[in-house]
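Opening the notebook on this one. I want to go through a few spots and jot down what sits against what.

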Amino acid sequence: MRDVYIIGVGSTKYGELWDMSLRELASEAGLKALMDAGIKAEEIDALYGANTSAGQFIDQEHIAALISDYSGISELGIPAVRIEAGAASGGAALNQAYLAVKSGQYDTVVVGGVEKMTDVPSEVANEIIGGSLDAEWETFFGVTEASVAAMIAKRHEYDERVKREHYAVFPVISHKHASMNPSSHFKNVIKLEDVINASPVAEPLTVYDTAPLSDGASAIVITADKKKIKESENPIRIKASTMANDFLSLHDRKKIDSFKAVNKSVKEALKQSGLNLGNIDGYEIHDSYSIGSLIQMEEIFGKEAIKMVENNEYYFNSSHPLNVSGGLKAHGNPLGAVGLYQAIEATIQLRGKAGERQIKGSKNMLIHNMGGLGTTSVTTILGVE
Amino acid sequence: MSEVPRFWRESKHRYRLVGTRCENCGNLYFPPRDICPTCRRESINKMKEEELSGEGEVYSYTVVHDGLEQFKMQVPYIIAIIKTKEGPLITGQIVDCNPDDVKIGSQVKSTLRKVRTEGKSGIIQYGYKFILK
């Protein structure tokens with residue numbers, strides 16, 4: 001089977017972008033990705049658009065058609081479809097696009113993700129984010145996504161003797177890294193005490209344990225066209241792309257403080273790539289909630305994950321660089337776009353263009369995008385040859 | 001646009017904790033399911049309704065400070081996963097107590113309460129909540 005490469009990436013800034021609409025964000029990211037790839041719209045076979053909830057955020061469905069239209073490519077008749085899998089929409093769209101190119105159906109595809117979250121008040125946004133849970137048996141009773149994360153944290157502390165500090169550290173790491181990323185939503189550095197003592201969202205989680213509401217869009221161009229790959233200055237190969245799913249709600253899982261789907265998709269991705277964890281130079285994971293970061297790392301590394309926290313191994317200049325982009329927590333969390341920004345960060349790292357946050361000698365990056373708390377899991381491994 | 005049918009069809013389950021038991025493997029489920037995730041096709045037409053006692057213990061919980069719009073007046077409120085005596089885990093609120101009195105393992109029982117309303121003049125939606133025993 002043929003190899004698939006990322007040849008172009010483009011992203012807007014992430015943050016509260018009051019003066020930008022969803023269509024403007026998406027077309028800016030898409031255009032940047034095409035320019036970076038050095039290709040024209042005529043060379044695109046299909047457009048995959050990732051978006052979690054524009055229907056509720058801005059009363060707009062049919063997102064892929066809109067983006068294609070506003071980007072000025074409607075005359076070309078390029079097929080455009082939206083992929084939705086909660087906050088894993090970006091990763092899922094990348095997975096679908098990868099499969100389409102890998103299969104030989106398409107040669108060159110643009111995958112874009114966008115979310116416009118700040119046009120509604122934050123309480124309404126919370127309600128919309130809760131749409132990834134079970135509307136009849138969770139949100140009906142007042143359950144928020146943060147409260148689900150909090151219940152995972154409480155039970156994990158109880159069963160596994162995990163301390164608050166073991167997961168409160170993840171936002172600290174993300175903020176440190178975001179301070180070195182020009183496109184970040186937040187650029188301030190924070191301390192462990194700031195996380196623990198911030199205003200509570202769902203105990204024990206505080207506002208600093210949770211990712212913000214952000215606007216933003218990210219897009220990449222993937223191809224299997226030999227000529228385009230050859231002409232590309234820095235093609236990055238997609239070495240693996242896998243997905244796995246678990247029960248939608250915590251109450252249906254045998255163990256609520258584990259993410260079975262993450263374990264499965266990561267294992268399959270390593271197998272698909274022929275790599276092992278020793279070959280991975282950096283990780284971008286779905287840090288929408290601090291406790292979620294710890295559980296994801298435990299699914300990848302087992303109990304070692306906690307020792308790695310204690311040994312400060314997750315910083316960009318240490319042994320297991322994590323969320324060097326700044327993560328969802330500090331780089332920003334426009335739901336449908338984040339899975340693609342993870343791929344962009346990995347691409348920038350693998351191209352060696354990450355400036356002061358560069359992971360030295362980075363050859364392979366593993367990225368993990370998640371919908372709900374462990375419900376939908378998408379793993380992608382990117383690498384240079 | 002009325003949401004009446006949407007809530008009406010769940011009322012048996014929300015008022016009386018009616019779940020379903022798979023007569024193939026014997027597992028009991030709440031919320032109810034039409035297909036047993038263990039037996040899959042073997043369970044078709046073998047899922048039988050069964051009422052839970054509503055008794056159980058706190059499996060995990062949290063105190064919500066940043067609540068949903070509909071629940072703003074209740075903040076801070078307790079959300080918990082209850083491990084029922086019969087086995088299934090159920091997510092819901094714990095009410096009529098101080099958050100400090102709730103611990104993992106606390107004994108609870110279900111009670112029927114108003115959960116939310118459909119706008120100012122719309123129907124009132126009822127369902128289970130839990131209280132400490």
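Predicted model: local features only at pLDDT ≥ 70, side-chain atom pairs only at ≥ 80, totals over all residues.

**Entry 1: a serine and its neighbours**

I started with Ser241(A) and looked up its contacts, skipping anything up to four places away in sequence: Asn95(A), Tyr98(A), Gln272(A), Thr379(A) and Thr380(A) turned up. Ser241(A) belongs to strand β8 of chain A, which covers residues 236-245. Buried or exposed, I wondered about Ser241(A)? Its relative accessible area is 5%, and since anything under 20% counts as buried, Ser241(A) is buried. I then checked what its side chain is doing, and found a polar contact with the side chain of Asn95(A) at 2.8 Å.

**Entry 2: an alanine that reaches chain B**

Next I picked Ala150(A), which is part of helix α6 (residues 145-160) of chain A. The relative accessible area of Ala150(A) comes out at 0%, so I put it down as buried. Which residues does Ala150(A) touch, leaving out those up to four places away in sequence? I got Ala202(A), Glu203(A), Pro204(A) and Leu205(A), plus Thr62(B) from chain B. I also looked up the pair Ala150(A) and Ile291(A): 141 residues apart in sequence, yet their C-alpha atoms are 7.8 Å apart in space.

**Entry 3: a loop threonine**

Thr52(A) sits in the loop of chain A between β2 (46-50) and α2 (54-57). It is a loop residue, but with 11% relative accessibility Thr52(A) still counts as buried. With residues up to four places away in sequence left out, its contacts include Arg82(A), Glu84(A), Gly86(A), Ala87(A) and Ser89(A). Also on the contact list of Thr52(A) are Glu115(A), Leu335(A) and Gly336(A). For Thr52(A) and Met117(A), 65 residues apart along the chain, I noted a C-alpha separation of 10 Å.

**Entry 4: two helices crossing**

Last stop was the pair α1 (residues 22-37) and α3 (residues 63-70), both in chain A. Their axes come within 9 Å and cross at roughly 65°. Since 65 to 115 degrees counts as roughly perpendicular, α1(A) is roughly perpendicular to α3(A). The crossing of α1(A) past α3(A) is right-handed. Which residues meet there? From α1(A) I have Leu22(A), Arg23(A), Glu24(A), Ala26(A) and Ser27(A), and from α3(A) Ile63(A), Leu66(A), Ile67(A) and Tyr70(A). By class, this contact of α1(A) with α3(A) has 6 nonpolar, 1 polar and 2 charged residues.

Notes. Residues numbered from 1 in each chain as written. Chains lettered and ligands numbered in written order. Heavy atoms only, no water. Axes fitted to C-alpha atoms, helices over the stretch in contact; angles between N-to-C directions. Helix = DSSP H or I, 4+ residues; strand = E, 2+ residues; numbered from the N terminus. Parallel < 35°, antiparallel > 145°, perpendicular 65-115°, else oblique. Left-handed = near helix turned anticlockwise from the far one by under 90°. Contact = heavy atoms within 4.5 Å. Nonpolar A, V, L, I, M, F, W, Y, C, P; charged D, E, K, R; others polar. Buried < 20%, exposed > 50% of the residue type's maximum accessible area, 1.4 Å probe, protein only. Polar contact = N/O pair within 3.5 Å; in protein donor to acceptor, adjacent residues only side chain to side chain.
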